[in-house]
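Here is a report for a reader who is meeting this structure for the first time. Please look at the sequence and the model before reading on.

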Amino acid sequence: METQGLQMTEQKAGPGLYKRNPPIAGEAEAIERAKAGDAEAFSKLYALHKRRVYTLCLRMLGNVTEAEDMTQEAFLHLFRKIGSFRGESAFSTWLHRLTVNLVLMHLRKKGLQLVSLEETINPSEEDAPKRDFGSRDMQLSGSVDRVALERAVASLPPGYRMVFVLHDVEGFEHNEIAAMLDCSTGNSKSQLHKARLKLRELLRQPESTAQAGLKEAAL
Amino acid sequence: MTSHNFQPESSAPLSCAEFQEHLPDLFAAGSEGLTDDPTMLEHLKTCENCSALVRDLQYIADQARQLLEPTHEPSDDVWKKIQEGLTGDIHVASNPGKV
């Protein structure tokens with residue numbers, strides 16, 4: 001995969017990302033050894049980060065084959081560029097940024113060249129969340145488990161899912177997301193809000209309706 | 001964190017639509033109390049529907065953090081392909097170390 005346009009500059013992470021990405025035992029030593037070309041150190045870094053990178057790819061792409069391909073690309077790129085990691089941000093933050101950029105580039109190459117990503121990531125009216133000015137249904141608090149949330153996130157329209165995963169799961173700020181997606185900060189905030197509204201709608205549905213809705217959304 | 005203050009043109013009570021229009025910015029501002037704007041607070045206090053909406057959206061954002069922990073694992077083929085891809089660059093270990 002061509003990665004010429006990939007930004008590999010190391011940006012300092014926001015406080016949220018430091019909290020979310022604490023140092024891992026043995027990681028710093030493995031990074032230094034990997035920079036010197038130590039093969040065992042590369043395999044250690046892969047073992048330490050493969051699940052996080054793959055899960056991120058899978059959530060962004062919603063497809064196992066593509067997620068595995070992107071995981072492969074991310075680590076190949078990492079191994080070739082690790083010398084440029086200066087330790088100014090958490091290693092996992094740096095690796096995640098690299099992965100997100102690769103996935104976005106992949107999505108653009110897949111067919112988003114003619115229109116901007118900002119337009120393309122906006123879902124159709126049918127997928128948009130309904131405005132809520134009067135319903136008095138059950139409240140979510142305390143009722144949502146991880147599996148249900150994971151399934152609901154997977155069924156979001158791609159644009160909503162992308163911003164939700166980057167902001168609420170990965171901890172990127174709106175200005176960072178705007179830069180990555182080449183859209184405005186306002187658009188990122190709006191997409192996130194709509195994603196949460198859509199999730200609320202999906203999670204409030206009774207079990208049987210939700211199953212049907214999730215299947216339909218996945219098609 | 002500072003709360004966003006909105007200054008409506010009149011002091012008339014907000015409708016649900018007006019209140020909800022401000023929500024993306026209010027959530028993005030990230031203040032714990034969401035807002036300290038009196039008009040917004042008044043609506044939040046008196047509108048059961050909008051207060052439930054705000055609670056649910058905050059709950060969803062909070063719950064999302066638990067998804068950061070990875071649950072999925074790539075197949076062994078991924079590491080094999082990485083090794084193949086790196087052939088010529090470096091001779092990597094045959095198996096990634098267990099952690």
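This is a predicted model: local features need pLDDT of at least 70, side-chain atom pairs count only at pLDDT 80 or more; totals for chains, interfaces and linings use all residues.

Residues are numbered from 1 along each chain as its sequence is written, and chains are lettered from A and ligands numbered from 1 in the order in which they are written.

## The two chains

Helices (H or I, at least four residues) and strands (E, at least two) are taken as DSSP runs and numbered from the N terminus. A residue counts as buried if 20 or more other C-beta atoms, placed from the backbone, lie within 10 Å of its own, and two residues are in contact if their C-beta atoms, placed likewise, lie within 7 Å.

In chain A, 72% of the contacts between residues at least 6 apart in sequence join residues at least 24 apart. For chain B, residues 24 or more positions apart make up 63% of the contacts with a separation of 6 or more.

## The domains of chain A

Domain bounds come from an automatic or database domain assignment, which for chain A gives domain 1 (15–109) and domain 2 (117–124 + 144–218). Where the two meet, 12 residues of domain 1 of chain A are in contact with 10 residues of domain 2 of chain A. On the domain 1 side, helix 1 (15–20), helix 3 and helix 5 (91–109) of chain A each give two or more residues, and the largest share, five residues, comes from helix 5 of chain A.

## Helix 2 against helix 3 in chain A

The axes of helix 2 (residues 27–35) and helix 3 (residues 39–61) of chain A come within 8 Å and cross at roughly 135°, where axes are lines fitted to C-alpha atoms over the stretch in contact and angles run from 0 to 180 degrees between N-to-C directions. Angles under 35 degrees count as roughly parallel, over 145 as roughly antiparallel, 65 to 115 as roughly perpendicular and the rest as oblique, and helix 2 and helix 3 of chain A are therefore oblique to each other. The contact is made by E27(A), A30(A), I31(A), R33(A) and A34(A) of helix 2 of chain A, together with A41(A), F42(A), K44(A), L45(A) and L48(A) of helix 3 of chain A.
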